[in-house]
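I opened the model to look up a handful of things. These are my notes, in the order I took them.

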Amino acid sequence: MDTAAGAGDVALEVRTLALGDAPGVVPLARDFARQVLHEWGWLPAATADRRAAAEDVLLVVSELVTNACLHAEGPELLRIARGEKALRLEVADRGAGHPAPRSPHRAGRPGGHGMFIVQRLCLDWGVERVPGAPGKTVWAELAAPA
């Protein structure tokens with residue numbers, strides 16, 4: 001992931017957080033992402049659009065890490081890569097399953113909204129696997145603020 005930040009964008013910077021069996025892994029991942037966004041100048045946001053872009057990143061991080069906790073034997077790693085046009089989030093986990101938005105999506109029901117939210121907020125998302133290795137990496141790309 002050292003060459004692509006998303007949508008064919010070359011990574012300018014990459015930050016990685018090992019998660020493993022850390023307690024409070026979702027808030028930990030969110031705090032890490034918030035710190036990275038501060039380092040990269042997304043926060044504090046100067047405009048409402050930039051603030052919304054940063055909040056979308058934090059929400060997608062929360063959803064991907066939560067899904068790894070609930071459905072994939074826990075997250076191992078969070079990677080955030082910044083390019084000129086996009087930001088790529090990656091969560092590596094130990095699970096064998098394949099995430100997908102619940103269909104049909106039922107907004108009034110509890111649970112099952114994580115990948116629907118990711119799909120709606122992101123330019124693209126997907127799953128990468130290494131043949132013969134356990135687990136997977138779920139990635140999502142969001143547009144960089146203008």
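The entries below go from the whole chain to single residues.

**Entry 1: ground rules.** I am working with a predicted model, in which local features need pLDDT of at least 70 and side-chain atom pairs count only at pLDDT 80 or more, while totals for chains, interfaces and linings use all residues. Residues are numbered from 1 along each chain as its sequence is written, and side-chain values use heavy atoms, with hydrogens and water left out.

**Entry 2: the chain.** I found three helices and seven strands in the chain. Helices (H or I, at least four residues) and strands (E, at least two) are DSSP runs, numbered from the N terminus. Read from the N terminus on, the elements go β-β-β-α-α-β-β-α-β-β.

I looked up burial next. Of the 146 residues in the chain, 43% are buried. Buried means under 20% relative accessible area, exposed means over 50%, and partly exposed lies in between (1.4 Å probe, protein chains only). The accessible surface of the chain is about 7700 Å², and carbon and sulfur atoms hold 53% of that surface. Such areas come from the Shrake-Rupley method with a 1.4 Å probe; for residues, only the protein chains shown count as cover.

I also noted the contacts, meaning heavy atoms within 4.5 Å. Among the contacts in the chain with a separation of 6 or more, 61% are between residues 24 or more positions apart.

**Entry 3: the sheet.** In what order do the strands of the open sheet stand? I read the order of its five strands as β3-β4-β5-β7-β6, with antiparallel pairing. β3 (13-18) and β6 are at the edges with a single partner strand each, so one side of each has no neighbour in the sheet. From one strand to the next, the twist averages 15°. Helix α1 packs on the sheet and touches β3 and β4; the direction of α1 makes about 160° with that of β3. For such angles, axes are lines fitted to C-alpha atoms, for helices over the stretch in contact, and angles run from 0 to 180 degrees between N-to-C directions.

**Entry 4: strand β7.** I then followed β7 alone. Two strands count as paired if DSSP finds at least two bridges between them. β7 pairs with β5 over eight bridges, in the antiparallel sense. On that side, A92 stands opposite T137 of β7. β6 (residues 124-128) also pairs with β7 in the antiparallel sense, over five bridges. Here W125 stands opposite A140, and G126 has W139 as its bridge partner. Is β7 enclosed or left open by the rest of the structure? I noted that β7 is largely enclosed, because seven of its eight residues are buried.

**Entry 5: the core.** A nonpolar core is a set of buried Ala, Val, Leu, Ile, Met, Phe, Trp, Tyr and Cys residues joined through side-chain atoms within 4.5 Å. The largest one here has 33 residues, and L64, L78, I80 and L89 touch the most other members. Two or more residues each come from α1 (25-39), α2 (48-71), β4 (75-82), β5, α3 (114-121) and β7 (136-143). The most come from α2, which gives nine residues. I checked L64: leaving out residues up to four places away in sequence, L64 touches L89, V91, M115, V118, V138 and A140.

**Entry 6: single residues.** R88 is in β5, which covers residues 86-93. R88 counts as buried because its relative accessibility is 8%. The side chains of R88 and E90 are joined by a polar contact of 2.8 Å. A polar contact is a pair of N or O atoms within 3.5 Å; within protein, one must be able to donate a hydrogen and the other to accept it, and residues adjacent in sequence count only if both atoms are side-chain atoms.

I117 is in helix α3 and is partly exposed at a relative accessible area of 22%. Beyond its neighbours within four places in sequence, I117 contacts L59 and E63.

**Entry 7: two loops.** P44 is in the loop between α1 and α2. A cis peptide bond joins L43 to P44, with omega about -10°. E73 is in the loop between α2 and β4. E73 is not a glycine, yet its phi is positive, about 65°. With a relative accessible area of 58%, E73 is exposed.
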